[in-house]
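Visitor: I would like to learn how to read a protein structure, one feature at a time. Could we begin with a pair of charged side chains?

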Amino acid sequence: MKRKYQKVSHAKEILSDCAAVHEVTAGQNGCVGDLIGSAVQRLYTVSNLDAEARGLTEQLQTIDSLLNDFNRELSSYIDSMEFDGEQFAEIEERLNLINHLKAKYGDSIEKNTEIS
């Protein structure tokens, strides 16, 4: 529950940072994805002229493919982030209750169930 609370309580920051990463890797005008795509095209031309460059072209194509996969997963992660004010309040209330009970009865269940 603490993880969920942390995620929900920092949702705006998480979304902002992820959006910034997405803009750098898949955004408009000079993003990394566009630059790598352009480099792949140039290396493809080079590899047509010099077979020794084919390995470099393949490596860069792999990087381009990995970056595309990353961007799809990042987009899915961003889309999955939902901020529900009611859910946040409910989680916060539960954690407050747990912390109150821990303060009253001890830090852990294990401590309170030991036979003295």
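Guide: This is a predicted model. Look at D69, which forms a salt bridge with R72. The closest N and O atoms of D69 and R72 are 2.3 Å apart.

Visitor: What separates D69 and R72 along helix α4?

Guide: D69 and R72 are three residues apart in helix α4, so about one helical turn lies between them.

Visitor: How many salt bridges does the structure hold?

Guide: The structure holds one salt bridge.

Visitor: What about disulfides: how many does a search of the whole structure find?

Guide: A disulfide is a covalent bond between the sulfur atoms of two cysteines. In this structure the search finds zero disulfides. C18 has a relative accessible area of 14%, so C18 is buried. C31 is also buried, because its relative accessible area is 4%.

Visitor: Which secondary structure does the chain have?

Guide: The chain has six helices and zero strands. Following the sequence, the pattern reads α-α-α-α-α-α. Helix α4 covers residues 54-80, helix α1 covers residues 2-9, and helix α5 covers residues 85-105.

Visitor: Let us take one residue in detail. Where is T57?

Guide: T57 sits in helix α4. With 4% relative accessibility, T57 counts as buried, because the cut-off for buried is under 20%.

Visitor: Which residues is T57 in contact with, leaving aside its neighbours within four places in sequence?

Guide: T57 is in contact with V40, L43, Y44 and S47. For L43 there is a further detail: the side chain of T57 reaches the backbone oxygen of L43 at 3.1 Å.

Visitor: How do I read places that are apart along the chain?

Guide: S65 and G37 are 28 residues apart along the chain, and their C-alpha atoms are separated by 9.7 Å. D79 and L15 are 64 residues apart, with 9.4 Å between their C-alpha atoms. For Y5 and I91 the separation is 86 residues along the chain, and their C-alpha atoms are 6.1 Å apart.

Visitor: Where is Y5, and how exposed is Y5 at a relative accessible area of 25%?

Guide: Y5 lies in helix α1. At 25%, Y5 is partly exposed.

Visitor: What share of contacts joins residues 24 or more positions apart?

Guide: Take the contacts in the chain with a separation of 6 or more: residues 24 or more positions apart account for 68% of them.

Visitor: Let us end with the surface. What is the accessible surface of the chain?

Guide: The accessible surface comes to about 9,100 Å², and 53% of that belongs to carbon and sulfur atoms. Of the 116 residues of the chain, 18% count as buried.

Visitor: Which residues form a nonpolar patch on the surface?

Guide: L97, L101 and Y105 form a nonpolar patch there. Together the three have about 310 Å² of accessible area. One of them, L97, lies in helix α5.

Terms used. Residues are numbered from 1 along each chain as its sequence is written. This is a predicted model: local features need pLDDT of at least 70, side-chain atom pairs count only at pLDDT 80 or more; totals for chains, interfaces and linings use all residues. Side-chain values use heavy atoms; hydrogens and water are left out. Helices (H or I, at least four residues) and strands (E, at least two) are DSSP runs, numbered from the N terminus. Buried means under 20% relative accessible area, exposed over 50%, partly exposed in between (1.4 Å probe, protein chains only). A polar contact is a pair of N or O atoms within 3.5 Å; within protein, one must be able to donate a hydrogen and the other to accept it, and residues adjacent in sequence count only if both atoms are side-chain atoms. Contact means heavy atoms within 4.5 Å. Accessible areas come from the Shrake-Rupley method with a 1.4 Å probe; for residues, only the protein chains shown count as cover. Patches are made of residues with over 30% relative accessible area and no salt bridge: like charges are joined within 9 Å, nonpolar side chains (Val, Leu, Ile, Met, Phe, Trp, Tyr) within 5 Å. A salt bridge is a side-chain nitrogen of Lys or Arg within 4 Å of a carboxyl oxygen of Asp or Glu. A disulfide is a pair of cysteine sulfur atoms within 2.5 Å.
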